[in-house]
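Q: Could you walk me through how to read a protein surface beside DNA, and then a sheet?

A: Gladly; let's look at the model together.

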2 protein chains.
Amino acid sequence: MKLANEDKGFLALYLDSKYEKPSVTVDAVIFRLINKENKNYRKLPEKKLQVFLTKREYPPFKNYFAAVGSFIDLNNELSESMKLCVKNKVNLDNFYHEQLFTFGDKSRDPRTRVISISYLLLTNEDSVLSNGEWFDIDLKQINCYKEQKENGYSQKQTINLTLKNENSVLENELLIELEKNSLEEKKQIQIKNSTLAFDHIKIIFYALERLKNKLEYTDIIFNLLPEKFTLTELKQFYEVILDEKLLDANFRRKTSKMVQATNEFLTGRGHRSSQLFKHNPNWTMLNLD
Amino acid sequence: MKLANEDKGFLALYLDSKYEKPSVTVDAVIFRLINKENKNYRKLPEKKLQVFLTKREYPPFKNYFAAVGSFIDLNNELSESMKLCVKNKVNLDNFYHEQLFTFGDKSRDPRTRVISISYLLLTNEDSVLSNGEWFDIDLKQINCYKEQKENGYSQKQTINLTLKNENSVLENELLIELEKNSLEEKKQIQIKNSTLAFDHIKIIFYALERLKNKLEYTDIIFNLLPEKFTLTELKQFYEVILDEKLLDANFRRKTSKMVQATNEFLTGRGHRSSQLFKHNPNWTMLNLD
DNA sequence: ATAATAGTGTCTTTCAGACAGTATAGT
DNA sequence: ACTATACTGTCTGAAAGACACTATTAT
């Protein structure tokens, strides 16, 4: 990848400003799993998936909640920009992250053309973030129309995505349109109603979808868990994200290779004590044994 | 998502130029599947996965091959920019596409900071592209060191990605480093040796990985096929992309719901004639019957 | 007749789903 | 004793893998 001499000459002449440029931001959707308050000494606490949002201090969307983000610094790599942003704005240091999607709709920012490179971040209950609030995530399908066409089908779904905590309830509505036939396959997500800044509710929805999908074929969930956990806790965390009940015996079989038992037990709960497990990072998707 | 009055005032004052901005491009990795020339009247033609590259007319990397790309136009949506670019540069119109990944390494373009939003495009043997060449794709693992660590493992893999046609042989080498333990999970892809412009060989590698993965759980492959095909052809196309042999009877069972039989048969091949099939776009991943 | 593909039948193993049943700690 | 969780065993049926077998057609 050396440059020819000709190239070097060209570089000197290159007019950096001749192309109109967009602004570029990084935005982080930060998730965690937590145990809610417990009423019954015997019962296990309810679990919740949460997202961390900050309240915008300046316009546009002043006082609206938004994902953690900032304009990028051209001297940093993209992921460095994101890490610095997260460190500076909400004081989060260690986390799992992956690039999610790049949003660039013309009108997504009223100021100017802004392209957002979004990231999915996972952390656990232990880390303390500043300068924002955690919100419980509730995702509900409001309706779903599926229509069989000559050569495929089309589907419209309305989704309610509510973010809630002790201070606020943020309701949001998305319309998901799917068109699939022999000529094309198209999926469109429109914001029908948002109480968040910009298109951030859409970004959060993408992040949720990615998380759910990866849950099924990777060990990504352990980035949301404390170091040690019981298998029932693990199961409940899966259930909360996937929004479906799992059968205990089957769950234990399926996850047995992703975890390793410790010698420790959790006691004092008014029922049989449960063994604590750790993540087994040697597990791979392909189960190469 | 209405703006508060306060916001509107701010917009007038907003200094668009106060943040340093990067250049942004879109890059399209275009794949197709083709039948190679046939020697034996009786044998089925060999299949190949190909990528379409254009030779750069101007520096940097003048005369190097590159993915189809251009700087974005701020008046278009991102995917529109990509579609226009592909239409104008190589005259391709109808294709499957999805956003792939956003590449933004500081030094990926010698001119200035350039962020590339890449797309995966699929088309079939019928479409005629101009202004570039198709290259056969050969991916080979050169070596692989896996080391068991106290708490996980690390792995280094060297990959040779050769792009070849009647005019050129472009050899490229990538180093893939994987680090997985209880604290982090990191995958890094480095270009060790490239005969393409910029980091485009890395973009192509990402596209290949995406294609392979999606092959296993979607019906994406039909975007690479002609309207009608035999099941043996379909199987051979899978084999070429996945780089592994499949068993006929099992393959037919697994794909049976994704295709629909036509009444037509392919004859004149020196062996039993084979039924032609079409894609069944009603198939879904979840097999909801 | 032969070479090469087209297509079917079936045995085995593995794994997901369902569910019954046993174990146990704290009040 | 009771309650809520912890954990095991096993039946069933679906699907994946392996492979043997039959069918067909231009030369």
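A: Start with the DNA: of the atoms of DNA strand C within 4 Å of the protein, 60% belong to sugar or phosphate and the rest to bases. This is a predicted model, where local features need pLDDT of at least 70 and side-chain atom pairs pLDDT 80 or more, while totals for chains, interfaces and linings use all residues. Residues are numbered from 1 along each chain as its sequence is written, chains are lettered from A and ligands numbered from 1 in the order written, and side-chain values use heavy atoms, without hydrogens and water.

Q: Which residues come nearest to DNA strand C?

A: A residue is near a strand if one of its heavy atoms lies within 4 Å of it. Of the 28 residues around DNA strand C, the nearest are A:Arg42, A:Gly270, B:Arg42, B:Thr232 and B:Ala249.

Q: In what order do the three strands of the open sheet in chain A run?

A: Strands of a sheet pair through backbone hydrogen bonds, either parallel or antiparallel. Here strands (DSSP E runs of at least two residues, numbered from the N terminus) pair when DSSP finds at least two bridges between them. The order in chain A is 12-14-13, with antiparallel pairing. Strand 12 (229-230) and strand 13 (259-266) of chain A are at the edges with a single partner strand each, so one side of each has no neighbour in the sheet.

Key:
Helices (H or I, at least four residues) and strands (E, at least two) are DSSP runs, numbered from the N terminus.
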